[in-house]
Amino acid sequence: MRSFNTFQLICFILGALFVSSDSVASNEVWALTAFKEAIYEDPFMVLSNWDALDADPCDWTGISCSPGRDHVTTLNLSSSSLKGFLAPELGLLSSLEKLILHKNNFLGTIPKEIGMLKSLKVLDLGINQLSGPIPPEIGNLSSANKIHLQFNGLTGSVPIELGNLRNLVDLRLDRNKLQGTIPGYNNLNFTSNRNGCMYASDSNATGVCRASQLKNANFSFNFFVGRIPQCLKYLPRSSFQGNCFQDRDPKQRSTQQCGVTKPAKPHPGPNAEHPHVENVSKHQRTSKPGWLLALEIITGSAAGFLLLFAILTTIKKCKGQSPVIIPWKKAANMKDPTIMYIDSEKLKDVVSWSRQELEVACEDFSNIIGSSPDSLVYKGIVKDGPEIAVISLCVKEENWTGYLELYFQREVADLARLNHENIGKLLGYCRESSPFSRMLVFRYASNGTLNEHLHYGEGCQLSWTQRMKIIIGIARGLRYLHTELQPPFTISELNSSAVYLTEDFSPKLVDFENWKTVLARSEKNSTTISNVDFTFGFSDSLQTRHLDVQGNTFAFGVLLLEIISGRPPYCKDRGCLVDWAKEYLEQPEVLSYLVDPELRHFRYDELKVICEVVNLSIQIDASKRPSMHALCNILESRIDTSTSSELKDSPLAWAELAISS
């Protein structure tokens, strides 16, 4: 028996070793989950099967593994409309051969950790929104034969380390904001390789002239200056058009476009001669009067200062961004902060409020009109200005990371572009570090939320016509968000609490709930790498927030039922409102049972229109739900919200009108 147990133990150990050899390394799984965490928009749900609890990612969308399924070799998510940042943890995918994220919406910088991918052959980050410099560590990709970084907002100069890529065949850097010279000096002997391409035969060549296998390259539409290296003369002229090269031609940028940026000096070769400098005799210099020499020094210094100021101003305008050093993750084992490039132009048209201004307006933040675990809402009055509602995020500074800051600013910019009479107006934001504050400032709607009027004893004050006006106002707001904005904007949780009412009961859609995901993400992000208890729900929760047009349409149908019935979307007694209403929606003769019993008057023809729109909105198949444009047209054309229609509802209204006149 003992020998049998020993045999079982040996089999178990061998089996465990066999299983572990067939599973992807844990650090690679961690790298992929960190990559997913850094993505906050996934409109096509391509990452929906990236299950953090699954230790084998080889069946995840876009992932390919080695034959033994022990290493990830390919990450290909091109044309997926993903929006987020490139996580530095990608550098842990030590066996990765292809990283293809072509045609997405990735922001921020290219992490230097990508230079750790020694097996990488294809790096394709083209057609994104990446910014900042190309990290010199990219020159460590010794196996790379294809690097595509075109159609981004990359700045700075081309790193000379690209010359280390002796296997590089295809390089695209076109349509960025790169400056300086193309590294590679000219005074060399050239021969033809087997591909018919010219390359430098001098073993001491620098820059791209050392990449002897380079066959295709494109540097067009940047701000390169100086001369085109001789080793790249075999490339077509179109590869260099739209720059500021010294050998100008009609396809180069104009002088105005190139600005006053001084051309950078080309990278010198090891044997390059020093430039000739005109000698000035000591006698000539010392023969000048002292006052004249002092005047020259002062004038020269002033001119130099003005030139430097002009250069810095021009560069700032060209780049349109300023680097801000913010930690990617505030983990205990993090060594260096990641440089995040925040687009200063994005918030240039949004008013920035100081915390002190808001504190005065909101009576020392004592006038609280709403609260949740995620935020506090204050009411304030600005001197000589409108009433405001201030939403303050409940977040700790230690949980706030670099890309959450970028997400906050992106959301502020997104809300600032909304301009419609039925959408809550963002007046500005507050972003301060001491004390740590992240706030949004909206125009205050004096009549509170629709939810309060429907469910807290005041529903009877909303007449049928008022409810119809509210419904059409909501429909118009959603039509604007879904069809008149590019890209579309959706409300993360469309319900009666997201509808605020003005003094004349005009509806204003306000999206406060999306900040729940920001706060949830900030708490999860405080988990360090050493802790295996990770949570990965951030990107999934945001998928219902961004571009979920069909989800908004369904929620609109539920909201219509809530408005006409006065019942909440869910209650313990009757369950879901939709389930309760279906038996009436399917039988026209009992539609009147849907109407709020608090209402004394309603118009049956308009009730039928509302029920028709509800049925269209809550179809199970999302693809069959009409657009808000179509639904809004139905409501506007068949429902009467004029003053005369409201007078028909109530004889008392006629009397009030007669008295006022």
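Trainee: What share of the contacts in the protein chain with a separation of 6 or more comes from residues 24 or more positions apart?

Mentor: A contact means heavy atoms within 4.5 Å. Among the contacts with a separation of 6 or more, residues 24 or more positions apart account for 60%.

Trainee: What kind of model is this, and how are its residues numbered?

Mentor: This is a predicted model, in which local features need pLDDT of at least 70 and side-chain atom pairs count only at pLDDT 80 or more, while totals for chains, interfaces and linings use all residues. Side-chain values use heavy atoms, with hydrogens and water left out, and residues are numbered along each chain as its sequence is written, from 1.

Trainee: How many helices and strands does the protein chain have?

Mentor: Helices (H or I, at least four residues) and strands (E, at least two) are DSSP runs, numbered from the N terminus. On that basis the protein chain has 27 strands and 17 helices.

Trainee: What percentage of the 661 residues counts as buried?

Mentor: Buried means under 20% relative accessible area, exposed over 50%, and partly exposed in between, with a 1.4 Å probe and protein chains only. Cys 362 is buried, with a relative accessible area of 0%, and Cys 430 is buried with 0%. For the 661 residues of the protein chain, the buried share is 47%.

Trainee: How many disulfides does the structure hold?

Mentor: A disulfide is a covalent bond between the sulfur atoms of two cysteines. Here a disulfide is taken as a pair of cysteine sulfur atoms within 2.5 Å. With the bonded cysteines numbered in sequence order, the pairing is 1-2, 3-4, 5-6. The number of disulfides in the structure is 3.

Trainee: Is the disulfide of Cys 58 and Cys 65 left-handed or right-handed?

Mentor: Cys 58 is joined to Cys 65 with an S to S distance of 2.2 Å. Cys 58 counts as buried, at 9% relative accessibility. The torsion about the S-S bond of Cys 58 and Cys 65 is about -100°, so the disulfide is left-handed.

Trainee: How many residues apart in sequence are the parts tied together by Cys 209 and Cys 231?

Mentor: The disulfide from Cys 209 to Cys 231 has an S to S distance of 2.1 Å. Cys 209 lies in the loop between strand S14 (198–200) and strand S15 (216–218), and Cys 231 in the loop between strand S16 (223–224) and helix H3 (255–258), so the pair ties together parts whose separation in sequence is 22 residues.

Trainee: Are Cys 209 and Cys 231 buried or exposed?

Mentor: The relative accessible area of Cys 209 is 2%, so Cys 209 is buried. For Cys 231 the value is 3%, so Cys 231 is also buried.

Trainee: Which helix holds Cys 258?

Mentor: A disulfide joins Cys 244 to Cys 258, S to S 2.0 Å. Cys 244 lies in the loop between S16 and H3, and the pair ties together parts 14 residues apart in sequence, because Cys 258 lies in helix H3.

Trainee: Which residue in S11 is the bridge partner of Lys 146?

Mentor: Strand S9 (residues 146–148) and strand S11 (residues 170–172) run parallel and are joined by 3 bridges. In S11, the partner of Lys 146 is Asp 170.

Methods. Pairing = 2+ DSSP bridges.
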